[in-house]
Amino acid sequence: MSAAPSPTTATPAPETLLLGQILDFTSDPFEGAPQDSARHLSRGGIVIRGGKIIEIGPAARLIETHGTARRVDYGAALLLPGFVDAHAHYPQTGIIASWGKRLIDWLEGYTFPEESRFGDPVYAATIAGRYLDLVIAHGTTTVATFCTSHPASVTAMFQAAQARGMAVVAGKVGMDRNAPDALKDSPERAYDESKALLKRWHKQGRSRYAITPRFTPTSSEAQLEAMGALWAEHPDCAMQTHLSEQVEEIAWVKELCPTAEDYLATYDKHGLIGPGALFGHAIHLTPRERARLAESGSAVIHCPTSNTFIGSGVFDAAGLAAEGIQVGLATDTGGGSSFSMLRTMGAAYEISQLNGAVLHPAHLLWLATAGSARALRMEAEVGTLAPGSAADIIALDLASTPAIAQRAARARDIWEALFPTMMMGDDRAVKAVWVGGVSRR
């Protein structure tokens with residue numbers, strides 16, 4: 001009788017152990033005492049295997065239990081989930097910080113001429129790669145971005161994201177009115193091209209497709225109906241658009257849709273509302289709109305540097321969250337004036353001060369990570385350090401400049417240590433960036 005075969009000894013997957021301070025949310029800071037919503041480890045570790053986080057905990061214990069792991073020690077730097085930017089326009093990278101326009105003038109003077117160039121696949125690929133490299137340098141590891149009406153612009157973004165291992169939510173913009181001919185499609189083209197791109201890219205690796213009517217002023221009722229039909233067929237996709245950014249825009253929507261009860265109703269009528277709906281800006285909302293957003297499970301995305309740069313208004317982050325509306329945070333490149341989610345957090349704090357509400361640093365960090373991930377329905381994958389999440393991790397230097405360092409040195413807790421970097425930090429504070437377990441900076 002022959003001997004039983006020896007069991008195969010599996011070679012353990014290579015592991016990496018990141019060491020530093022750790023701040024990890026345990027609850028939503030908008031639902032309790034914000035200062036108690038996260039645990040802080042002054043000396044902790046994160047174990048990465050196969051592009052995922054498999055364990056976090058005290059450094060001493062993880063060094064002992066994962067003794068063969070490759071160690072990367074960031075000293076006193078703070079390890080956080082990579083930032084999640086929930087609303088951007090990557091084709092506007094080249095026109096960021098363009099001078100002196102209100103929304104409609106800005107679109108006509110800067111945005112539409114630049115976006116008309118994205119039918120060229122080479123140009124689209126160049127800008128897509130440049131944009132993602134810029135945001136990675138600022139600590140952003142997941143982004144939801146509008147493309148243009150050209151399918152080539154969508155392909156360029158997803159290809160650039162896959163080359164960097166990034167999770168990206170993106171889609172072809174639908175526009176069939178009030179736009180240059182070079183950017184217009186039709187209801188039929190918007191549906192057909194979006195569907196083809198969706199089938200090619202949605203859930204291919206870390207890619208997620210977003211059905212993307214730009215906004216009611218540039219999408220006819222027929223096009224909104226077509227986009228609503230496509231979303232009904234593929235409800236696991238996101239749907240991204242704009243809502244109530246400026247008062248002139250709201251008046252324009254009223255002229256275009258005189259029978260609609262309000263701006264939100266122009267989307268609701270066509271099924272463009274509900275879980276997975278991402279409404280950028282949402283500043284000037286009526287009580288009915290606020291109630292309907294909460295009831296539907298839709299998300300609103302706060303774009304503070306954009307709102308101040310083009311004079312849109314004061315977003316009510318604390319009030320909307322208190323009403324049960326999901327809130328995310330975004331740079332809104334290039335109407336927004338920075339690629340940095342740190343700068344975006346600082347601007348969100350300042351706007352809330354103008355609105356008579358004080359956002360705690362925990363609120364700001366939540367919005368830039370777990371809150372935006374939840375709005376995107378990606379909280380199981382990004383925006384968190386929970387085991388099983390993608391190893392999208394940044395190391396933040398809390399003393400990156402002399403001005404920040406001298407303030408952080410006086411901190412009484414981790415929130416006081418982090419807040420100066422939120423208010424004054426930039427890409428110099430981003431010491432390292434890991435995307436899907438691969439070091440990208």
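How many nonpolar, polar and charged residues does the lining of the second largest cavity have?

Reply: Happy to! By class, that lining has 5 nonpolar, 2 polar and 1 charged residues (nonpolar being Ala, Val, Leu, Ile, Met, Phe, Trp, Tyr, Cys and Pro; charged being Asp, Glu, Lys and Arg; the others, Gly among them, polar). This is a predicted model, where local features need pLDDT of at least 70 and side-chain atom pairs pLDDT 80 or more, while totals for chains, interfaces and linings use all residues. Residues are numbered from 1 along each chain as its sequence is written, and side-chain values use heavy atoms, without hydrogens or water.

The residues around the second largest cavity are Ile104, Leu107, Glu108, Phe112, Asn178, Phe215, Thr218 and Trp252. Helix 2 supplies the largest share of them, 4 residues (a helix is a DSSP run of H or I, at least four residues). The volume is about 40 Å³, counted as the space filled by probe spheres set on the grid points. A cavity here is a set of points on a 1 Å grid where a 1.4 Å probe fits but cannot get out, and lining residues have an atom within 4 Å of a point.

For context, the whole structure holds 2 cavities of 30 Å³ or more. The largest has about 140 Å³ and 14 lining residues, with His89, Leu103, Leu107, His242 and Glu245 closest to its centre. Leu107 therefore turns up in both linings. Helix 2, residues 103-115, again gives the largest share, here 3 residues. By class, the lining of the largest cavity has 5 nonpolar, 6 polar and 3 charged residues.

Note on methods:
On a 1 Å grid over the protein atoms alone, a cavity is a set of points where a 1.4 Å probe fits but cannot get out, and a pocket is an open set with protein on both sides within 12 Å along at least five of seven lines; lining residues have an atom within 4 Å of a point. Helices (H or I, at least four residues) and strands (E, at least two) are DSSP runs, numbered from the N terminus.
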